[in-house]
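I opened my notebook to look up charged pairs and helix packing. My entries follow in the order I made them.

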Amino acid sequence: MTTPDPIHTGATIEHEGTTIDVVVESPLWAAEPEAEAQVLRAVTAALPADRGPCELAVVLADDATVKTLNAQYRGKDTATNVLSFPAVPGPAVPGPNGAAGDAAVPVLLGDVVLAFETVRAEAERDGKPFAHHLGHLVVHGVLHLLGYDHETEPDAEAMEARERDVLASLAIPDPYAGRECA
């Protein structure tokens with residue numbers, strides 16, 4: 001039995017100087033027809049309002065793809081829900097004038113890659129709507145592209161506070177309610 005070829009479809013939007021590419025690499029995402037629209041809403045909400053022009057991609061993949069990437073880039077031979085690949089390390093929020101003060105040059109933020117089976121299983125396990133969990137993971141991934149991390153408790157608190165604010169703007173309940181900061 002062979003697996004279907006990736007469908008490589010998706011959407012590209014340009015909004016206020018930002019280019020967002022959503023690349024659907026796994027046919028599994030067809031089971032969630034609103035996924036691309038949710039991704040675009042979450043990305044737009046996660047980016048700072050005072051940013052300059054920027055570009056990023058969100059790849060809707062499967063567990064096998066994410067497992068391969070996780071092993072290759074993080075040394076972890078397992079699938080995970082979301083991976084972020086910042087184009088440059090550290091904070092990458094472009095200012096109002098874009099890169100190097102040139103409003104015509106967008107800053108490349110990087111890529112966010114999501115694993116369908118893991119995202120779905122986590123949403124089901126936690127009793128959350130798929131769209132809410134997807135939105136949260138996209139916001140989480142984009143914040144990593146912007147330089148946020150959760151390696152220390154203060155960093156985790158700052159990142160989770162920003163996630164809560166963005167998710168509230170999308171009418172997504174606080175995924176951290178009732179638990180300690182991670």
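**Entry 1: helix α4 against helix α5.** I noted that the model is predicted. I began with the handedness, and α4 passes α5 in a right-handed crossing. Then I looked up the residues that make this contact. From α4 I listed Gly 135, His 136, Val 139, His 140, Leu 143 and His 144. From α5 I listed Met 159, Arg 162, Glu 163, Val 166 and Leu 167. Next I sorted these residues by class. The contact of α4 with α5 has five nonpolar, four polar and two charged residues.

I also wanted the geometry. Two packed helices are described by the angle between their axes and the distance between the axes. The axes of α4 and α5 come within 10 Å and cross at roughly 130 degrees. That angle makes α4 oblique to α5.

**Entry 2: helix α3 against helix α4.** I turned to the other side of my list. Helix α4 covers residues 130-145. Its axis and that of α3 come within 9 Å, crossing at roughly 120 degrees. Are α3 and α4 parallel or oblique to each other? Angles from 65 to 115 degrees count as roughly perpendicular, and those over 145 as roughly antiparallel. The pair α3 and α4 is therefore oblique. I wrote down the handedness too: α3 and α4 cross in a right-handed way.

Which residues of α3 meet α4? I found Phe 116, Val 119, Arg 120, Glu 122 and Ala 123. On the α4 side they meet Phe 130, His 133, Leu 134 and Leu 137. By class, I recorded six nonpolar, one polar and two charged residues in the contact of α3 with α4.

**Entry 3: salt bridges.** Side chains of opposite charge can pair when their charged atoms come close. How many salt bridges does the structure hold? I recorded four.

I started with Glu 124, which forms a salt bridge with Arg 120. Their closest N and O atoms are 4.0 Å apart. Both residues lie in helix α3, which spans residues 116-126. They sit four residues apart, about one turn of the helix. Glu 124 is exposed, because its relative accessible area of 58% is over the 50% cut-off. Arg 120 is partly exposed at 26%.

I then looked at Asp 126 and Arg 125. Their side chains meet in a salt bridge, 2.8 Å from N to O. Asp 126 is partly exposed at 36% relative accessibility, whereas Arg 125 is exposed at 60%.

My next pair was Arg 164 and Asp 174, whose side chains also meet in a salt bridge at 2.8 Å, N to O. This pair links distant parts of the chain. Arg 164 is in helix α5, residues 153-169, and Asp 174 is in the segment after α5. They are 10 residues apart. Arg 164 is partly exposed at 29%, and Asp 174 is partly exposed at 32%.

I also asked which residues are joined into one network. Salt bridges with shared partners join Glu 32, Arg 120 and Glu 124.

**Entry 4: a backbone angle.** I stopped at Ala 171, in the segment after α5. Its phi is near 60 degrees, a positive value in a residue other than glycine. Is Ala 171 buried or exposed? I wrote down exposed, with a relative accessible area of 61%.

Notes:
Residues are numbered from 1 along each chain as its sequence is written. This is a predicted model: local features need pLDDT of at least 70, side-chain atom pairs count only at pLDDT 80 or more; totals for chains, interfaces and linings use all residues. Side-chain values use heavy atoms; hydrogens and water are left out. Helices (H or I, at least four residues) and strands (E, at least two) are DSSP runs, numbered from the N terminus. Buried means under 20% relative accessible area, exposed over 50%, partly exposed in between (1.4 Å probe, protein chains only). Axes are lines fitted to C-alpha atoms, for helices over the stretch in contact, and angles run from 0 to 180 degrees between N-to-C directions. Angles under 35 degrees count as roughly parallel, over 145 as roughly antiparallel, 65 to 115 as roughly perpendicular and the rest as oblique. A crossing is left-handed if the near helix is turned anticlockwise from the far one by less than a right angle, and right-handed if clockwise. Contact means heavy atoms within 4.5 Å. Ala, Val, Leu, Ile, Met, Phe, Trp, Tyr, Cys and Pro count as nonpolar, Asp, Glu, Lys and Arg as charged, and the others, Gly among them, as polar.
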